Amino acid sequence: MLPKTTLNLLKTWGWALLGAFGLPFASAAMILNSPDGNLALDFYLDDAGQPHYSLERNGRTILEDSPLGLASAQADLTHGFLLMSLPEPRHVTDEYTLNHGKQREIRYEAEEQIVRLEHENGMRLEVIFRLSNDGLAFRYRLHGESEERWRIEQEHTGFVFPEDTQAWIQPMAKAQTGWSNTQPSYEENYQIGVALDTLQPFQEQQAERAKEHGNLVESYPYQGWVFPALFLANGHWVLLSEAAVDGHYCASHLAQDEAGREFRIGFPDAAEAVKGGPVKPTAKLPWLTPWRLVVVANDLSGIVESNLGTDLAEPARFPTRNWMRPGHASWSWVMLKDDATVYDVQRRFIDYAAEMHWDYCLVDASWDEKIGYEKLEELARYATSKGVGVLAWYNSAGDWNTTPYTPKSRLLTHEKRREEFARLQEMGIKGVKIDFFPGDGQSVMQYYRDILQDAAEYELLVNFHGCTLPRGWHRTFPNLMTMESVKGMEFITFVQSNADAAPAHMAMLPFTRNVFDPMDFTPMAFSKIPNIERRTRKDFELATAVLYYSGIQHFAETDVDMAKQPEYIRNLLRELPRRWDETRFVDGQPGEYAVLARRAGNKWYLAGVNAREEATPLDYSRLPWLRNLKTAEVYTADEDGNFVEPMDALPKSIPARGGVIAIVKAPKE
């Protein structure tokens, strides 16, 4: 048998020879390997001229033959292709620094192969593949020039998994459902370790969730599955997502075929638009589509530590400035709700932030009616005197939902935004939280980006809520601090069913939603939640302050109940780093328990939570230097769930529904 490298060369030469004669090629394949040789990509055209790809890791199938192609309003680009040319693969490298993230200094390298195809109608299409050591990325480039705008009706990009693949995956709510028609906003619980043939998101009788009360929604159906989605395929972990989504394309999700093993790119619903703008991808040629990402690893460390979601994001559009400071924030609304958005309470929470050495205080919905612009400016001046910045809430909405909260519809146009942002800057406001977006349509993607660009001109930080997945935007826009896109702490305060599901849900997030992007879960509440029986201990809650990453971490605990906690806990929270230099996976299982180590300078912060109903032993073998560690600063709780004095030895296990934070010095190089 010929060596693999020889086969690669023979197949590549075969492609080039057949391409020179304009012949379709079905029997052999182009193979591209990752720099370390572990990943191998196959690409071929079938007898109908439809492009396909497959992916292996060390000889084991990760994705079976999966389709590629685009169906536009102008042309069906799913079959009828000939190979035009196949340039030599090239080695691609990139180095960049994030303003905030799980890793600060990042180097990316990959092997890139561009497959140049010509359609029978004369259209030219390129499929750009990149294989890095942690996964596959690919995108399409449509060549040509056009006065008319092309519209992609459907992507035929598929991901076909082997049999017996399992999924850890979140359903996507249909547009215009939910409270005040605010869905989809990526706020569902994950299905955990489910066989693919049991996932049935399109059948309402299967997908309806329990009816909820209060300010939540009636039952509603789903339209697919959100990114990022985690799978266990052939003994390997796989994370699917996308990057480099800009105003020329919509955000997408996963749609599933009836058989269960194939997922395809799904587009937004017709209602997911701003001001009648485009929903499906619409643009003039030439046209470059977003990257499709397939992270592959033989263990979970390769998933958690991957940077592929920012590696393939658009580079920063402007430099990071001193005012773009990550930090921690106090926030009254999550526990005290609407009645707390008044002057006296917000002044109190500014004092709370100052006492805790936190950087910001978020003033939430309807402040314009309950506090007013003049008094908010007074609060901002007071906060500045305390070394705290004020963040102000806004409703993004035009006519796409019926939410009552204000300020509303003041950011819809470039002119209105600039007027409002200029006023906020003059008032001394440091950032905005913008809520209730209409979904994933192309015009909504452009709306996000326009807000971020305009906000930067007026030195305003941005936090999006009721929103899509960030998809690496914090690299592109350094003033983007965080985005919600998660069923966060507020849902736990609404109904008991959410609190019951919280431990497993919270143990999912380090492996999915929070892998690449900042997540405004608004964690950490130690005190009793009105009308809710908690399912997590205090040490579980404490650990989420480190386990979850957000450019601005908005803490849920109130000033009154924080004052009841031991001084050593308050000191820990005062001194937590605002930026992380490095993140390592220590131990865990999605939906069961999760332990990460994050480094800031010469200190490592280990944080772990356990969603199981029994204690879980910890394995430190991925960071061998930890096993012989003599000293540590360990924060945990006793059997009653109350905090105990810091210990000096790493725990051997995490208690049921409990957690741990440990601080250790980084080993010498």
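This is a predicted model: local features need pLDDT of at least 70, side-chain atom pairs count only at pLDDT 80 or more; totals for chains, interfaces and linings use all residues.
Asn610 belongs to strand β34, which covers residues 603-610. Leaving aside residues up to four places away in sequence, Asn610 touches Phe540, Glu592, Tyr593, Ala615, Thr616, Ile654, Pro655, Ala656, Arg657 and Gly658. For a sense of distance, pick out Glu415 as well: 195 residues separate Asn610 and Glu415 along the chain, and their C-alpha atoms are 49 Å apart.

Now step back to the whole protein. Its secondary structure amounts to 16 helices and 38 strands. The radius of gyration is 25 Å, close to the 26 Å that the globule rule gives for 669 residues, so the protein is as compact as a globular protein of that length. Along the principal axes, the C-alpha atoms fill a box of roughly 75 × 60 × 50 Å. Of the 669 residues, 63% count as buried. Among contacts with a separation of 6 or more, 71% are between residues 24 or more positions apart.

Helix α10 runs through residues 442-457, and its 16 residues reach 23 Å from the first C-alpha to the last, close to the 22 Å expected at 1.5 Å a residue. Is α10 mostly covered or mostly uncovered? It is mostly covered, since 12 of its 16 residues are buried. The buried residues are Gln442, Ser443, Val444, Met445, Tyr447, Tyr448, Arg449, Ile451, Leu452, Asp454, Ala455 and Ala456. As you trace them, remember that an α-helix has 3.6 residues a turn, so residues three or four places apart point the same way.

What do the buried residues of α10 pack against? Their partners include two helices, α9 (414-427) and α11 (473-476). The strands β22 (282-283), β28 (431-435), β29 (461-464) and β30 (480-483) are also packed against them. Just after α10, the chain reaches Glu459, which takes a positive phi of about 55°.

In the loop between β22 and β23 (287-288) you will find Pro286. The peptide bond from Leu285 to Pro286 is cis, with omega near -5°.

Our last stop is the loop between β15 (171-173) and β16 (191-195), where Pro184 is placed. Here the peptide bond from Gln183 to Pro184 is cis, with omega near 5°. Asn181 lies in the loop between β15 and β16 too, and its phi is near 60°, a positive value in a residue other than glycine. Tyr186 also has its place in this loop, again with a positive phi near 60°. How accessible are these two residues? Asn181 is partly exposed, with a relative accessible area of 26%, whereas Tyr186 counts as buried at 3% relative accessibility.

Technical notes
Residues are numbered from 1 along each chain as its sequence is written. Side-chain values use heavy atoms; hydrogens and water are left out. Helices (H or I, at least four residues) and strands (E, at least two) are DSSP runs, numbered from the N terminus. The radius of gyration is taken over C-alpha atoms; the globule rule is 2.2 Å times the number of residues to the power 0.38. Buried means under 20% relative accessible area, exposed over 50%, partly exposed in between (1.4 Å probe, protein chains only). Contact means heavy atoms within 4.5 Å. The expected span of a helix is 1.5 Å times one less than its number of residues.
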